[in-house]
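Please examine the sequence and the three-dimensional structure shown below. A short report on selected features follows.

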Amino acid sequence: MKKTLMILLTFGLTQALICQKTTYEKLDELMNAYCKVNKFNGSVLVSQKGKILLAKGYGIKNAQSKTLNDANSIYQIYSVTKTFTSTVILKLVELKKLSLTDKLNKFYPEFPKGDSITIENLLTHTSGIYDYTRGNNMPDLTEKSFITFIETKPLDFSPGTSWSYSNSGYWLLGFIIKRVTGMSYEDAVRKYIFKPLKMTHSGFDFKNLMSKDKTKGYEIFNDEIKKEAVIYDAPGAFAAGAIYSTIGDLYRYHTDLQAFRIVNKEILEKAYTEYKNKYGYGWMINSYDEKKIVSHGGGAAGYRSNFVRMSKENICIILLNNTENANLETITKNLFNVIFNKPYKVPSEIKLTKEVLTKYVGCYAVNPTFCMYITIEDGRLAAQGKGQGKTIVLAQKENYFFAEEADGYLEFQMDESGVCNELIIHQGGHDISAKRFYPTWGLIGSATPKGWGEKMPDFEFKEDGLNKGLWLLTNMKLSTGEFKFRFNNDWNINYGDNENDKILDWYGGNIKIEAGTYDIMLDLTDEAKPTYSVFKKTSK
């Protein structure tokens with residue numbers, strides 16, 4: 001009897017060991033799942049204590065050539081560039097060619113209040129300098145044009161007193177590197193980082209890169225549409241975001257930072273220290289399970305990136321994605337969950353038709369001051385709370401969706417006539433009811449008498465009584481200028497037109513128009529492809 005029991009126990013233990021997945025298998029399963037639900041399309045590297053646990057590509061590198069991503073695929077990393085800019089600055093400090101307390105007027109004597117802005121302020125986004133991405137009229141991207149423009153903009157706050165993310169600050173650091181080293185910013189990065197680390201697949205001017213490993217970036221990426229994103233001419237985002245790279249090259253960067261081979265430990269530890277708003281010298285400072293993380297993400301046309309390092313534990317996670325529909329912070333958290341054997345959910349979904357999804361599109365009021373917007377994005381439902389970012393939710397049942405970023409579920413309730421009038425939000429053990437309501441669309445912009453201000457409501461469209469989804473604004477007098485379509489007087493949902501093709505783009509560019517009286521039609525009958533028409537009336 002004892003012998004039989006021992007055999008059974010041994011058999012059971014053997015089966016359990018066979019069924020137990022390795023860390024690689026768990027990581028690979030998770031990334032395959034994200035790829036399958038269109039929440040990741042790129043390359044990933046995960047390492048722990050010098051051992052690479054996963055280095056692999058997922059999804060499509062180039063839809064036209066039907067090639068797939070792999071570990072050698074090359075991506076634009078955008079703002080991860082800031083860590084390189086910071087590292088070169090710190091190298092110059094180590095070489096005593098620069099000081100963190102140097103003032104901006106040392107390099108630009110005429111810069112307004114340049115005597116109160118330090119190198120450290122520029123590194124930590126505490127300079128108060130206007131971020132040029134908020135709008136600019138520079139004729140070109142030369143140093144002269146940039147300085148001339150930035151000098152005209154008042155500071156957002158007194159240097160060192162507050163925090164505001166400023167790409168302009170990193171452009172200035174790039175120009176300062178040029179002045180101190182006597183070489184271009186790009187050559188300085190090559191000299192101090194790329195060449196010593198043998199980062200042979202990294203560089204600048206992605207537009208003119210000729211390589212079989214180069215990825216295509218996609219503005220829209222779903223089963224039906226794969227629309228390529230714009231590629232910026234050099235210098236692109238310059239010292240704030242112009243670098244392209246691979247997971248392998250970025251891993252070399254990580255290992256040399258870990259070993260303090262680029263800059264010494266004392267200086268690098270300062271870079272990893274929070275200055276304000278969880279930001280150090282070119283690094284975001286966060287934590288996972290009380291373990292310190294230094295990282296930086298990047299995102300602009302066609303690409304998303306996340307470079308995450310747990311220095312003390314020597315863990316590195318690199319995610320490079322060649323579409324715009326990926327939440328890499330959520331994926332990063334789940335990868336950490338795998339490494340540390342914490343619970344995690346492998347994403348999955350069932351496919352629903354557009355007809356089913358359209359029933360849920362609308363606005364749902366949680367309370368008088370907070371509402372949830374439900375739209376269709378890339379063939380899936382997207383949820384967006386007022387004042388929050390948009391997130392794709394995954395269908396688990398016909399009326400039940402998983403919102404991963406919020407770690408909750410959305411359940412749509414139908415009335416007896418089959419109309420959805422209520423949304424139940426299941427989150428943190430609570431069930432929150434949100435009743436559907438029907439607000440309106442409006443027109444805002446410099447072409448309208450209202451302008452861009454908020455002192456009066458937007459000019460309101462009326463929905464066609466016979467054709468649901470058609471919104472009309474008639475006899476609207478406009479001056480020469482620009483306008484956008486806005487939902488419920490709320491910037492969280494607005495449409496513009498990036499390509500002047502009468503197809504609306506979410507958060508798209510301002511629409512230019514000449515003075516006149518117009519009838520304007522907003523066509524939302526196809527939520528996945530909204531359009532508009534503008535009819536100028538002739539004067540009698």
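Which residue in E15 is the bridge partner of tyrosine 373? The partner is glutamine 384.

## Basis and confidence of the model

This is a predicted model, in which local features need pLDDT of at least 70 and side-chain atom pairs count only at pLDDT 80 or more, while totals for chains, interfaces and linings use all residues. Residues are numbered from 1 along each chain as its sequence is written, and side-chain values use heavy atoms, with hydrogens and water left out.

The predictor's confidence in each residue is given as pLDDT, from 0 to 100. Its mean for the protein is 91, and 96% of the residues reach 70 or more. Over residues 13-18, however, pLDDT stays under 50, and the model has zero contacts there beyond four places in sequence; a contact means heavy atoms within 4.5 Å. Where pLDDT is low, the predicted coordinates should not be read in detail.

## The nine-stranded sheet

Helices (H or I, at least four residues) and strands (E, at least two) are DSSP runs, numbered from the N terminus. Two strands count as paired if DSSP finds at least two bridges between them. An open sheet of nine strands is arranged as E16-E15-E14-E13-E21-E20-E19-E18-E17, with antiparallel pairing. Strand E16 (391-392) and strand E17 (394-397) stand at the edges with a single partner strand each, so one side of each lacks a neighbour in the sheet.

Strand E14 (residues 370-377) and strand E15 (residues 380-385) run antiparallel and are joined by six bridges. Besides the pair named at the outset, isoleucine 376 stands opposite leucine 381 in E15. The two strands form a hairpin with two residues between them, and aspartate 378 in the turn has a positive phi of about 55°.

On to E16, E15 makes two bridges, again antiparallel, and alanine 383 has threonine 391 in E16 as its bridge partner. This hairpin has five residues between its strands, with glycine 387 in the turn at a positive phi of about 80°. Six of the six residues of E15 are buried, so the strand is largely enclosed by the rest of the structure. Buried here means under 20% relative accessible area, exposed over 50%, and partly exposed in between (1.4 Å probe, protein chains only).

## Threonine 81 and the cysteines

Threonine 81 belongs to helix H3 (residues 81-94) and is buried, at 0% relative accessibility. Its side chain reaches the backbone nitrogen of isoleucine 243 at 3.1 Å. Beyond four places in sequence, threonine 81 touches residues including Tyr185, Phe238 and Ile243.

The structure holds zero disulfides (pairs of cysteine sulfur atoms within 2.5 Å). Cysteine 316 is buried at 0% relative accessibility, whereas cysteine 35 is partly exposed at 23%.

## Salt bridges

A salt bridge is a side-chain nitrogen of Lys or Arg within 4 Å of a carboxyl oxygen of Asp or Glu. By this rule the count comes to 30. In one of them, glutamate 405 meets lysine 39 at 3.7 Å, N to O. The pair links distant parts of the chain, 366 residues apart: glutamate 405 lies in the loop between strands E18 (400-403) and E19 (408-414), and lysine 39 in the loop between helix H2 (23-36) and strand E1 (42-48). Glutamate 405 is partly exposed at 29% relative accessible area, while lysine 39 is buried at 6%.

Glutamate 349 and lysine 351 also form a salt bridge, with closest N and O atoms 3.7 Å apart. Glutamate 349 is partly exposed at 22%, and lysine 351 is exposed at 60%.

Technical notes
Polar contact = N/O pair within 3.5 Å; in protein donor to acceptor, adjacent residues only side chain to side chain.
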